[in-house]
Amino acid sequence: MSTTFRSPGLVVQTVRRNVSQDAVVVVPGIMGSVLKGPNGVLWGFRLGSYARLWSRSGSSLNALALSEDQLGRLTDEARELTTDEIDGRFDHVAATGLLKLPAYAPFLHGFEPYDSLIQRVGRCVAHPDAILEFAYDWRLPVAYNARRLAVKAADHLQRWRAHPDHEAVRRLRPDGRPARLVFVAHSMGGLLCRALERDGEHHLDIRATITLGTPFDGAVKAAMILSRGEYAPVPLPRQRLHAMATTLPGIHDLLPCYRCVEQDDDGDPRRLTPTDVAEFGGHEQLAAKAFAFHQRTSPLQLVNHHALVGTAQPTLQSLSLRDGLVIPHRHTFQLHTDEGFVREGSGVLVRIDDGGDGTVPRSSATLGGLRPSTLPQQHGSLARASEAVQLVCDVITERDAGAPRLGEGELGLEIPDVVAPGTQWSAVVSGVDSPNGATCLITDAQGRQIDRPRLQRCDGRWQAAIVLPDPGIFRVIVEGGGTSAITQLVLAHDDGSPDD
């Protein structure tokens, strides 16, 4: 925590690092925790395993699905959590830690690990013991995991306050106050934080909450995951995710709860209903529970909330329902300040592309009247971007300036989530005006360079033509926007491979 050196006058000087005495809790997003069962890892594999996972031979997906009996116990919010459940174990499946390696799922693309975030946060606190990495079973309801988080966070704060390094740093503060809690939450993790119990047995002394790309009002991509997708040929990985997701409360908790359903007669957009969800392929009771949960928690505000919102990425923001199918749209509807919808002189709704981080619409990641910070970045990489990590460190050390924008430029990246090995496809890059305005790099998941395609103008858009040589996970990296590189993972998967 300090550096000692001799000044020119031979006086020994000690310069202390600016570290916080507070306790930090890092809460990952959906699929951001490793899950293990009796026979080994169910989620959070070595990099080479995902191509097999999403093929027909990926047996661990079957173990991740939940039965009706399990769902009945999970949705009973009145019962006490068992000791095993508080420790992150539900029916022989345990959440054992945060992702240490990249992971991949269809629709959601890639999930980057949290190692760089944890390392940087470690330099901002008095001792590594001040950090709690809260792993949780993301299949389960947000309300259930929030109850676990309340217990674990209260225990973590109590333990840290009794730690000798806490007392050493506390004595250096002018006000001498004891440690408080700072939550750092990515994606779904922010929903857990909003649902925390703040009174009763687990009253929490919270100083600040930082959310990175949290879908407070849900995301259209959750509806796409639950949709049967019969309107177009569906790659096998998406079929397998759909079959598992229909049993998972955690996925239903991410359904959009804002007025996102476009009407055929151009009437005011409406909200999804549990009946809608059942008709397009989801679980009606889980959807009803999810919408009721959002209604209960939507008035809640986070303590000293700092929100980071991903921008400039092509993002699904609304949808139409036709014959039990979900038709997604990359636009939303402009609102008056009185929450009414803006219409043209002809009476037609005004539709706008408000963007987002490729998964979460910009407006959904903004809570209440808070003015968030913004960063052009993909959802899965948001917690890894250097600007985001710096914002987190500034809040932890109480040096945040509250700047609404991080970096310059508005680079955007659009790629498929599943491609065929040996077949050419295109990465579309927005926010550039010349082929030299950005560079594109293709690596495998370990970072080895595969290709460096040049941007070319095609169909009015800047595109990079890409061919991936083999099945596996690859990373597309686009630089040149004045911020961290925009990164996204893609799966090269051969539906006709022997693994099928």
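In the predicted model, helix α5 (residues 115-122) packs against helix α14 (residues 386-396) at an angle of about 30 degrees, and the two axes lie 10 Å apart. The pair is therefore roughly parallel, an angle under 35 degrees being counted as such. The crossing of α5 and α14 is right-handed. On the α5 side the contact is formed by Leu 117, Arg 120 and Val 121, which meet Val 389, Gln 390, Val 392, Cys 393 and Ile 396 of α14. By class, the residues of this contact comprise 6 nonpolar, 1 polar and 1 charged.

Helix α10 (residues 236-245) is largely enclosed by the rest of the structure, because 7 of its 10 residues are buried. The buried residues of α10 are Leu 236, Pro 237, Arg 240, Leu 241, His 242, Met 244 and Ala 245. Their cover includes the helices α1 (50-53), α2 (60-64), α9 (220-226) and α11 (249-252), together with the strands β20 (418-419) and β27 (486-492).

His 156 belongs to helix α6 (residues 142-161). The relative accessible area of His 156 is 8%, so this residue is buried, the cut-off being under 20%. Beyond its neighbours within four places in sequence, His 156 contacts Ala 23, Val 24 and Val 25, the run Asp 129, Ala 130, Ile 131 and Leu 132, and also Leu 181. With Val 24, the side chain of His 156 reaches the backbone oxygen at 3.5 Å. Ala 130 lies 26 residues from His 156 along the chain, and the C-alpha atoms of the two are separated by 8.0 Å.

How values were computed. Residues are numbered from 1 along each chain as its sequence is written. This is a predicted model: local features need pLDDT of at least 70, side-chain atom pairs count only at pLDDT 80 or more; totals for chains, interfaces and linings use all residues. Side-chain values use heavy atoms; hydrogens and water are left out. Axes are lines fitted to C-alpha atoms, for helices over the stretch in contact, and angles run from 0 to 180 degrees between N-to-C directions. Helices (H or I, at least four residues) and strands (E, at least two) are DSSP runs, numbered from the N terminus. Angles under 35 degrees count as roughly parallel, over 145 as roughly antiparallel, 65 to 115 as roughly perpendicular and the rest as oblique. A crossing is left-handed if the near helix is turned anticlockwise from the far one by less than a right angle, and right-handed if clockwise. Contact means heavy atoms within 4.5 Å. Ala, Val, Leu, Ile, Met, Phe, Trp, Tyr, Cys and Pro count as nonpolar, Asp, Glu, Lys and Arg as charged, and the others, Gly among them, as polar. Buried means under 20% relative accessible area, exposed over 50%, partly exposed in between (1.4 Å probe, protein chains only). A polar contact is a pair of N or O atoms within 3.5 Å; within protein, one must be able to donate a hydrogen and the other to accept it, and residues adjacent in sequence count only if both atoms are side-chain atoms.
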